[in-house]
Amino acid sequence: MSVFVLEIGTEELPARFLPGLEKELKDRLAAFLTESHVDFESVIVESTPRRAVATVAGISAIQNEAEEVVSGPPVRIAYDAEGKPTKAAEGFAKTQGVDLADAFTLKTDKGEYLAVRKKIGGARTVDLLSEGCPAIIGALPFPKKMKWGSLEYTYARPLRWVLSMFDDQVVPFSLADLAAGNTTRGHRVHGPGPFAVAHAEKFADVVREQCAVTLSGAERRARIVEEGNALAAAIGGTVLWKDSLLDEVQGLSEHPVPCLGGFDPSFLELPKEALLTSMQSHQKSFGLEDKDGNLLPYFLTVLNITPKDMDVVRKGWERVLRARLEDGRFFWRNDLKNSFDAWLAKLDNVIFLAPLGSMGNKTRRLSTLCGALAESVDAALKADAERAGRLSKADLVSEMVYEFDSLQGIMGGIYARKMGENEVVAQAIAEQYLPAGPDTPVPSSPCGALLSIADKADTMAGCFGLGMIPTGAADPYALRRCCLGITRIMLDRNIRVAARDIFRAAQAGYGDAIKWKLAPEEALEKMVEFFNLRLKNYFVSQGYETLLVESALNAGSGDICDAAARLKALDAFSKSEGFAQAVLTFKRAANIIRKQGEEAGVALSGVVDSALLEDDAEKALSEALKAVEPRFESLWQAGDFDALFGLLGELRPTVDAFFDNVMVMCDDAAVRSNRLNLLTALVQKLGRLADFAALQM
């Protein structure tokens, strides 16, 4: 078996482009080979800022061959009465590129047809790749593409070279005025090249030894961590590795070299968060801490070169960072001369959303909404929740947050402590923007959870009232993220307040000052519908089957903690041996109520008249429902949904006997109505657990 290597050389790509590029190139190349019936063992794609390299190991030199039968016209049309071939037969043979003498009669259920056997495949893999590679490269998607020179060709960055080799031969094709060849280029300083590659198997050696490039992102990352840890250990520290930044710096380098720098210890007066933001956001560097968790006056950065004089390079980095830290210290000291009252006054001049007023207005609404939520959750938190809501956005007008916007909320919490606010308020302010995404933590404090919910609900109420409802992929105000955040917080903190009530309270906070595009009740219904859809998506993302999620939520989604518990129990019940039969039994009851009850025009209350019970089976069902009632309510109050689903196993034989022996839609209207009410009583009870009609068996 052979080896194929495809290298796409470019100007430096943004680090964020590399993961997607690797996946797309791998998937597309593997799909092309599979569809072309070319055997291969593996496709590995690696990238650096200046190249993407696909290596196909164990690839066959020849496309797989196969024989297929191609049918043509019916025999009665292919030959005339004298048995001579007609033009239809001759045309078919010519089209298929075979001699008519090689044709045969194919007998099928629909009759006899003229047919031929054709061999397909057998093409050289090199020829297939020559045609396929340009199409694959041209179709690679990127967040942004660009043109260069006078070319109409687009790619993430200008293409500079293409290497395409199948063992020791070039796979020829042209792309954007470039001809694929057998040369590669290396690090701009340590091995610029070009270098000829004699064989595809030698490519990795040439890149490593002559180009001075580390092709594997995982290897670059491991080298950064290993050498960085060694540098930190030498000064008694530990690197504060941040995964997202580590991914970025390995994607910015082809030849990573960690470098340890320092800064004046006086800058440690700045909050740890401000120092780390200066290092990470602007300098792509990591902080260091001692064994007690205190920040050290050092930083670790990653170079893309082995310098002749490391001290000179280090001093350059230190000089740049010092300027950043000087700015940070200036902002910090100026902010401490201010007060929350002064900042709150400035918030009245900061627009939240033009029709929705200022940030000052928003904080007043948040104060009221936080207080209302606290009364529903923990009245002891009301005063602190109201204070946190009022101060929540004050740091937006601080100089530190103006410079480092990623510190919003975090700096607010720090300033709150410095300016005498209690810890509950300070922590709530610091946590108000959590969770920031699906993988980020939720607020750890009760007050922080309430403030985060209030902030998100206020934004949703305002946007929905103005008709700014997300459609398709467009969601400029991150309302989907708001729903996900509210869901995660409520489940984590076991907050049992209906989303409808939260949104209604958020709407009330706006008063009558806003000219809405949607009536409040219409906007509220749309908000609840939107939230419930996001709630469904959340549970599905947790691994639950869609039908189970719909069944649980249809039974009630006002208390999402209750819904989550019922869904968990339903999921466990769905794995039990009698689940399918139980669903069919109880679904049958629900369908009768929905269809036959409506057709009969009977108002069903679920109240059963014992005097009208005639059959032993219906009497047994009525008694079973009465017997299970106290246990059902006790288990419901205890939230023991597993046991509640277990009760269904007890009821099912009685329900099955009822259906086997009782005619529900009998001629006697009173008896018929009573039997429908008996089933209604059953369905009402089961419907609190799950909507069995939503399940399909």
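Predicted model: local features only at pLDDT ≥ 70, side-chain atom pairs only at ≥ 80, totals over all residues.
Trainee: Happy to. Which helices and strands each supply at least two residues of the lining of the largest pocket?

Mentor: The general idea first: rolling a probe the size of a water molecule over the atoms shows where empty space is left. Here, β17 (351-353), α11 (359-377), α16 (446-465) and α17 (479-493) each reach that number. With 3 residues, α16 gives the most to the lining.

Trainee: How much space lies in the largest pocket?

Mentor: About 570 Å³. There are 19 lining residues, and those closest to the pocket centre are Tyr433, Asp455, Thr459, Tyr477 and Cys482.

Trainee: How does the lining divide into nonpolar, polar and charged residues?

Mentor: The count is 11 nonpolar, 3 polar and 5 charged.

Trainee: While we are at α17, is Leu484 buried, exposed or partly exposed?

Mentor: Leu484 has its place in helix α17. Its relative accessibility is 24%, so Leu484 counts as partly exposed. As for separation, Leu484 and Met400 lie 84 residues apart in sequence, and their C-alpha atoms are 29 Å apart in space.

Trainee: Now the strands. What is the order of the open sheet of 3 strands?

Mentor: In general, strands of a sheet pair through backbone hydrogen bonds, either parallel or antiparallel. In this open sheet the order is β4-β6-β5, and the pairing is antiparallel. The edges are held by β4 (66-74) and β5 (104-108); each has a single partner strand, so one side of each lacks a neighbour in the sheet. Direction ignored, neighbouring strands of this sheet are turned by 45 degrees against each other on average.

Trainee: How many bridges pair β4 with β6?

Mentor: Strand β6 (residues 111-120) and β4 pair over 7 bridges, in the antiparallel sense. To find one of them, look at Pro74, whose bridge partner in β6 is Tyr113.

Trainee: And which strands do bridges join to β3?

Mentor: Strand β1 (residues 2-10) runs antiparallel to β3 and is joined to it by 8 bridges; in β3, Arg51 is the bridge partner of Gly9. Strand β2 (residues 42-48) is also antiparallel to β3, with 7 bridges, and there Ile44 has Thr55 as its bridge partner. Between β2 and β3 runs a hairpin of 2 residues. Strand β3 (residues 51-59) is mostly covered, with 7 of its 9 residues buried.

Trainee: Last topic: how many aromatic pairs does a search of the whole structure find?

Mentor: A pair of aromatic rings is described by the distance of the centres and the angle of the planes. The search finds 18 pairs. For Phe340 and Trp343, the ring centres are 5.7 Å apart and the planes stand at 85 degrees, so this pair is edge-to-face. These two are 3 residues apart in helix α10 (residues 340-347), which means a separation of about one helical turn. Both Phe340 and Trp343 are buried. Another edge-to-face pair is formed by Trp636 and Phe641, at 5.4 Å centre to centre and 90 degrees between the planes. Phe641 has 5% relative accessibility, so Phe641 counts as buried.

Methods:
Residues numbered from 1 in each chain as written. Heavy atoms only, no water. Pairing = 2+ DSSP bridges. Helix = DSSP H or I, 4+ residues; strand = E, 2+ residues; numbered from the N terminus. Axes fitted to C-alpha atoms, helices over the stretch in contact; angles between N-to-C directions. 1 Å grid on protein atoms, 1.4 Å probe; cavity = no way out; pocket = protein on both sides within 12 Å on 5 of 7 lines; lining within 4 Å. Points joined across faces, edges and corners; volume = space filled by probe spheres on them. Nonpolar A, V, L, I, M, F, W, Y, C, P; charged D, E, K, R; others polar. Phe/Tyr/Trp six-rings, centres within 6.5 Å; stacked < 30°, edge-to-face > 60°. Buried < 20%, exposed > 50% of the residue type's maximum accessible area, 1.4 Å probe, protein only.
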